[in-house]
Amino acid sequence: MTEDRIDLLRRRIFGIGCVGIGAATAGFLAATFRFLVPNVLYEPSRRFDIGSPAQFPSGSATFLPDRHLYVFNSADGFFAISSTCTHLGCTVRHTGAGFECPCHGSRFDENGLVVQGPAPQPLAWYAVSLSPRAQLIVDLDQSVGPEFRLRA
Amino acid sequence: MNAVGRSIWRIGWPVTDKDRAAAMISSIFLHIHPARVSRHVLRPTATLALGLISGILFLVLSVTGLALMLYYVPYPPESYRSMKDLQFVVTFGIVLRNMHRWSGHAMVAVVFLHMCRVFWTGSYKAPREFNWVVGVTLLILTLALSFTGYLLPWDQLAYWAITVGTNIAGYAPLVGDRLKFLMLGGHVIGPMTLLRFYVLHCVMLPLLMLMLISLHVWRVRKDGLSGAEVHALPAPAEEAAGVFPASTKTHGLMALSRRPRSSVEARDPNDEVFAWPHLLFRELLVTLAVVVVLHVVSLVFMAPLEEMADPLRTPNPAKAPWYFLGLQELVHYSALVGGVIVPTLIVAALVSLPYIDRRKTGIGRWFAPERRLANTVFTALVIISIALTIIGTLFRGPNWAWVWPWA
C-alpha cells in the first residue's frame, strides 16, 4: 500500500471512530435523561378504596381531603369530582351551587364546569367502581365525563 | 519579602505603578481586571456597580448556603424541623438563614436592574451581543435558583408557592405535563420533589451559574466596558483601510483574530488610570457596603417560616414567589397567555434583541436620544412588569380579589 492509501484508511477509521463516540455519547445522554423519570412512585396509590356505599348517604356530597376528592351520592348514582383546581392546583371548596377556588377566583357549577374565572378546564371526574367486597373504588388514572354515574 | 512569600504572591505589596500593573496581571483572582481602566467607566453612574453587586451576592449566597447545608435535611418532615432548629437552636442559624434568604431576593432584583442598566446604556450592541444572551441566561438561572430554594423550608408558603409555580410550568404546550412530572419526580409535590429541588438548588444550578458568570466576566474583560470606547482614539489609518499590522492581531482560541477595539493601542492613555488602586478600592468599598447592608437587614428582618406544609389545606390566597406574581396576575386572566405565551415572548425578544437592533449609535450613554424608540418600548415593558408584580403582591387578597394594602 502506498503512503497515501494508508493515510486515507487512517482518516476513514478515525471518522468511523468519531461517529461511534458520538453515538455512544448520544446514547449515554438519552439514558441519563431516562434515568430522571422515576419508575416507582412512593406516593399514595392512584387507585384506592373509599369505603362502602352505605357510608355516603343518598343526596350527600362528601369531601375526602387527603384524596383531593368530592364524592357524591345523587339520586341516579355515585360519582367523584376532583377538588384540585385545573388552573394552578389549589383545592376548591364545595358551595351550594358548585365549587369555588380560593386562589384565583375560579367558579365551577355542580358538574365541575367552569362558570367564571381563569380555570381553563372543568374539574376532573374519575371513574368509581364497586369492588367484589362491595367497596367503592376510585381510579385517578381513569377520567370520565360528567354523565358518569355508578348505580349502587 | 522572604522567599516563601515571593513564591506565593510573586510581587510584594506594590508601591510603584509598574508593580501595581504587574500585580493585577500576575494574580489569577485580580487578572479579571485590566491593568489600566478608563476613568469614564469608574464613575458610579456608568454602571451603578450592579453587575459587581450581583457577583458579591452570588458569593454571599454560596458561603451562607454551604453553611446552611450542614444543618438542613432534604427530607420531609425533617426538612421543616431543621428549619426550626436553624431558627431557634443553632447559634447564629437565624442570621445565616436570613442573610441567605434576603440575599437571594436581592439578587433577583439586582440582576434585573443590571439588565435594565445594560439596556438603557445600549451596552448590548456589537461586539457584546452574545454576552447579553449569556446575561439573559444568567437572569433565568437566578430565577431558577431562587425558585428551587423556595421549596426547601417545607412550610405552607413554600409548598403552595411551588404548587402554583409548577402548575404554571405545566401549561407549556405538548411537554407541559411531562415537564411537570419530571420536575416533581411524581404526580404530587413530595419527598422526591424536595430532593430534586435540593440537588438543583445546591449543586447543578450553582455550578452552571458559576461557569456562565466566568464566561460573562471574561467577555466583559475582553470587550471592555461600553463607556470606554466612546472616549477611545480613532482606529489607525491602516486598520480603517483593512490592513492590520501585526501589532493589532492577537491569538484567539480558534484562530488568529483581530484584537478588540478596546485593546491598548486603541485607547487614549490620558483617559486611563491604574486599576490598582482606582478600580480595586472602589470594588472593595461596594463589597463592604453590600455586606454591611446585608448584615443590618438580616439582623432586623426575619425570614418567614409558616406552619409545616399541609397538602390538604390551601392558604387563601396562594401566591407564587414575588418575582413570579406578575406572571400569576396574568395567569389569573388567562393561563395560556400568562403561563406560556408572555414568558416565551419575553425570553425570545430578550435573546434576539441584540441581533435585531444592530444600529451602532448610542452605545455607552444613558438614554441616548438616538435610541428613543428602543428605550421607550423597553421602559414601558419594565414599568408594566413591575406594576403587575406590585399588584399581585400587595393588591390581591383572598380569592385573588382586589384589596387595598392599607385597608
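Hi everyone, let's begin where the chains meet: the contact takes 18 residues from chain A and 26 residues from chain B, where contact means C-beta atoms, placed from the backbone, within 7 Å. On the side of chain A that touches chain B, the classes are 11 nonpolar, 5 polar and 2 charged residues. Here Ala, Val, Leu, Ile, Met, Phe, Trp, Tyr, Cys and Pro count as nonpolar, Asp, Glu, Lys and Arg as charged, and the others, Gly among them, as polar.

A word on the source: this is a predicted model, with local features needing pLDDT of at least 70, side-chain atom pairs counted only at pLDDT 80 or more, and totals for chains, interfaces and linings using all residues. Residues are numbered from 1 along each chain as its sequence is written, while chains are lettered from A and ligands numbered from 1 in the order in which they are written.

Now to chain A, which has an open sheet of 6 strands in the order E1-E10-E9-E4-E3-E2, with antiparallel pairing. Strands are DSSP runs of E, at least two residues, and helices are runs of H or I, at least four, numbered from the N terminus; two strands pair if DSSP finds at least two bridges between them. At the edges of the sheet are E1 (47-51) and E2 (60-64) of chain A, each pairing on one side only. From one strand to the next, the twist averages 30°. E2(A) is joined to E3 (residues 69-74) of chain A by 5 bridges, and Phe63(A) has Tyr70(A) in E3(A) as its bridge partner.

Over to chain B. Helices H7 (residues 93-120) and H13 (residues 275-300) of chain B pack at about 115°, their axes 8 Å apart. Axes are lines fitted to C-alpha atoms, for helices over the stretch in contact, and angles run from 0 to 180 degrees between N-to-C directions. Among the residues making this contact are Trp102(B) and Ser103(B) of H7(B) and Leu294(B) of H13(B). By class it has 6 nonpolar, 3 polar and no charged residues.

Ser103(B) turns up again beside Leu57(B), which is also in contact with Ala106(B), Met107(B) and Val110(B), leaving aside neighbours within four places in sequence. Leu57(B) lies in H5 (residues 50-69) of chain B. Is Leu57(B) buried or exposed? It is buried, because 23 other C-beta atoms lie within 10 Å; the cut-offs are 20 or more for buried, 12 or fewer for exposed, and partly exposed in between, with C-beta atoms placed from the backbone.

Key:
Two residues are in contact if their C-beta atoms, placed from the backbone, lie within 7 Å.
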